[in-house]
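Please keep the sequence and coordinates at hand while reading.

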Amino acid sequence: MTAQTPNLVPEDLLLPTGTFRSEALESFVRVRWFIRLRWVAVVASFILVSLELWLYEAGPGRRAVLGVIAALALINLCWMAWSKRLRVQAAARPADETQLRQHIVLFAKAQIATDLLLLTLVLHYYGPVSNPMAMFYVFHMVITSLLLTPTTALLQGIWAMALYGLLLLGEYSGVLATPYPLFGGQALADLHTNPHLVVKSYAVVCIGVFATWHLTSQVAAALDEREREVRTRDQALERSYRKIEEMQARRARFMHTAAHQLKSPLTGIQTMAKMICDGVVDSEGALALIEKVIRRCKEAIEHIEELLTLARIKESPSTRHRVARTDLANTVATVVERHRPMADVKGITVHWEVSPQTIRVQVDARDLEDCLGNLLDNAIKYTPDAGRVEVSCACEADQVIIRVRDNGPGIAPEVQKSIFDEFRRGHYALAAGIAGSGLGLSIVREIVEQADGSVTVKSPVNQAEETAPGSEFEVRFPAWSADEPQGRA
Ligand code: ADP
């Protein structure tokens with residue numbers, strides 16, 4: 001299925017499923033890597049501050065820095081609890097995942113926004129202009145742009161730069177207490193009052209943050225697209241694989257039934273031949289057996305011929321029909337004449353009519369013969385002695401309609417659909433012991449489908465007054481028109 005899960009909430013709030021970002025966001029909750037990273041930051045900051053306190057004289061802001069680190073650890077505990085809740089919700093596999101996904105997005109947004117605030121506080125205590133920690137804004141921007149939508153990432157960037165700007169302005173104007181540069185860098189302590197440096201620092205960080213937002217969002221969008229393509233291809237491959245499996249199973253079933261059908265006449269032939277060889281029957285009985293052997297051989301050969309016809313039709317490209325201009329009247333006449341001896345044996349009259357003007361059909365000539373041959377063969381085979389079979393042809397719009405009607409036993413409505421399946425034989429055929437392979441109508445269906453036609457069967461069985469209601473097979477094929485010299489496109 002190539003259709004994607006519909007995006008139920010505004011794009012800005014929630015990423016569509018099956019994209020790189022939505023996957024990343026899910027793993028963000030599952031793996032908790034952001035929380036782990038924060039623990040690393042807590043430990044690293046703690047070591048750094050301790051080192052500074054040990055090496056240098058403790059400045060008045062260091063206790064405040066330790067307070068910020070403690071706050072970060074505390075908040076991280078809250079994130080851990082929230083993440084656990086989300087994982088429990090995800091494990092429960094809710095029917096509607098929209099709410100869960102909204103939660104995940106909110107979780108990510110809250111973490112990033114809080115981190116930006118804490119980062120600004122740390123920067124304040126370590127001197128925003130004089131130390132390179134401002135690059136962590138860029139680091140947050142990369143994560144935000146990879147996980148969230150471009151609009152959300154931009155809003156986070158604006159939030160970060162507003163905080164940084166207020167901090168610089170506050171320190172420059174003296175509203176905020178003087179910062180305390182890292183590792184006792186007292187020489188740098190006055191940098192925050194240098195307007196050029198303040199403006200340059202702010203501009204560089206701003207450019208870094210928004211350029212990162214732009215580039216990373218583009219990369220994430222390209223990855224999203226790629227992920228979608230890969231998924232679509234995966235699904236298509238999955239479907240093809242399932243189709244191949246189905247086809248293989250069908251082919252195996254077909255081979256099994258075909259082999260079985262061929263085995264029964266051959267077993268009969270073997271038994272009868274052995275009886276003759278062993279002298280179990282006298283010469284008169286042997287003659288009768290030989291006749292039976294010949295009949296069974298004929299049946300087996302007919303089965304094989306039908307199998308070969310079906311294989312030939314399935315293997316031939318369907319395009320052969322599009323260039324065909326088969327003369328209908330000629331084909332009907334040939335097929336009827338070929339079947340007349342068979343009808344004569346049973347005293348069945350075969351009547352056929354085709355409209356006087358020349359009708360051409362877009363069906364390969366040999367296939368049309370096979371199709372009509374099978375329908376006529378069945379009509380004669382299943383109609384009792386002295387019955388009647390009619391073949392009529394007509395043109396309707398751009399279609400040619402061929403009807404083969406008989407006054408035989410008819411076909412029960414419940415089996416009318418399935419008789420077109422391979423090896424499917426009707427109750428009447430089996431009960432009356434009429435020989436057949438069950439392939440004739442599947443050959444008809446295969447030809448009709450390949451030639452963009454249709455086949456239907458009508459049989460008004462079970463009508464009280466009708467003793468022999470008969471069957472009518474109607475086949476429709478595209479007519480060839482002189483206006484289309486190349487056939488259909
Ligand atoms: P086969 O004739 O070898 O059994 P087909 O595929 O040609 O196989 O036909 C499938 C079944 O459809 C037959 O077994 C028979 O029961 C039924 N059938 C087909 N044509 C007719 C018909 N003209 N009258 C009655 N039954 C028919």
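With which glutamate does arginine 403 form a salt bridge, and how far apart are the closest N and O atoms? The model is a predicted one. In it, arginine 403 forms a salt bridge with glutamate 472, and the closest N and O atoms are 3.8 Å apart. The pair links distant parts of the chain, since arginine 403 sits in strand β5 and glutamate 472 in strand β7, 69 residues apart. Glutamate 472 is buried, with a relative accessible area of 12%, whereas arginine 403 counts as partly exposed at 22% relative accessibility. The cut-off matters here: glutamate 472 is called buried because its 12% falls under 20% relative accessible area.

This pair does not stand alone. Salt bridges that share partners join Arg388, Glu390, Glu396, Arg403, Arg405, Lys458, Glu472, Glu474 and Arg476 into one network. In general terms, side chains of opposite charge can pair when their charged atoms come close.

**Strand pairing**

Strand β5 (residues 399-406) and strand β7 (residues 472-478) run antiparallel, with seven bridges between them. Within this pairing, arginine 403 stands opposite glutamate 474 in β7.

Two of the facing pairs can be named. Cysteine 395 has valine 400 in β5 as its bridge partner, and glutamate 396 has glutamine 399. The hairpin of β4 and β5 has two residues between the strands, and alanine 397 takes a positive phi there, near 50°.

Strand β4 has a further partner in strand β2 (residues 349-353), and β2 and β4 pair in the parallel sense over five bridges. In that pairing, tryptophan 352 stands opposite valine 391 in β4. As a general point on such elements, in a regular strand the side chains alternate between the two faces of the sheet.

**Salt bridges within helices**

The structure holds 26 salt bridges. The table lists three of them, including the pair already discussed.

| arginine 226 | glutamate 229 | 3.5 Å |

Why are glutamate 229 and arginine 226 separated by about one helical turn? They are so because the two residues are three apart in helix α7 (residues 195-277). Glutamate 229 counts as partly exposed, at 32% relative accessibility.

Lysine 298 and glutamate 302 both lie in helix α8 (residues 283-315), four residues apart, which is about one turn of the helix. Lysine 298 is exposed, with a relative accessible area of 52%, and glutamate 302 counts as partly exposed at 38% relative accessibility.

**Ligand surroundings**

Which residues come nearest to the ligand? There are 20 residues around the ligand, of which Asn378, Tyr382, Arg425, Gly438 and Leu441 come nearest. Arginine 425 places a polar side-chain atom 2.6 Å from an oxygen atom of the ligand. Backbone atoms take part as well: a backbone N or O atom of serine 437 lies 2.9 Å from an oxygen atom of the ligand, and a backbone N or O atom of glycine 440 lies 3.3 Å from an oxygen atom of the ligand. Taken alone, the ligand exposes 530 Å², and the protein buries 98% of that.

**Helix α6**

Helix α6 (residues 150-173) has 24 residues. From its first C-alpha to its last, α6 reaches 34 Å, close to the 34 Å expected at 1.5 Å a residue. Glycine 174 follows α6 and has a positive phi, near 85°.

Threonine 152 lies in helix α6. Is threonine 152 buried or exposed? Threonine 152 is buried, with a relative accessible area of 5%. The side chains of threonine 152 and threonine 149 are joined by a polar contact of 2.7 Å.

Terms used
Residues numbered from 1 in each chain as written. Predicted model: local features only at pLDDT ≥ 70, side-chain atom pairs only at ≥ 80, totals over all residues. Heavy atoms only, no water. Pairing = 2+ DSSP bridges. Salt bridge = Lys/Arg side-chain N within 4 Å of Asp/Glu carboxyl O. Buried < 20%, exposed > 50% of the residue type's maximum accessible area, 1.4 Å probe, protein only. Near = heavy atom within 4 Å. Polar contact = N/O pair within 3.5 Å; in protein donor to acceptor, adjacent residues only side chain to side chain. Areas by Shrake-Rupley, 256 points an atom, 1.4 Å probe, with all protein chains shown as cover. Expected span 1.5 Å × (residues − 1).
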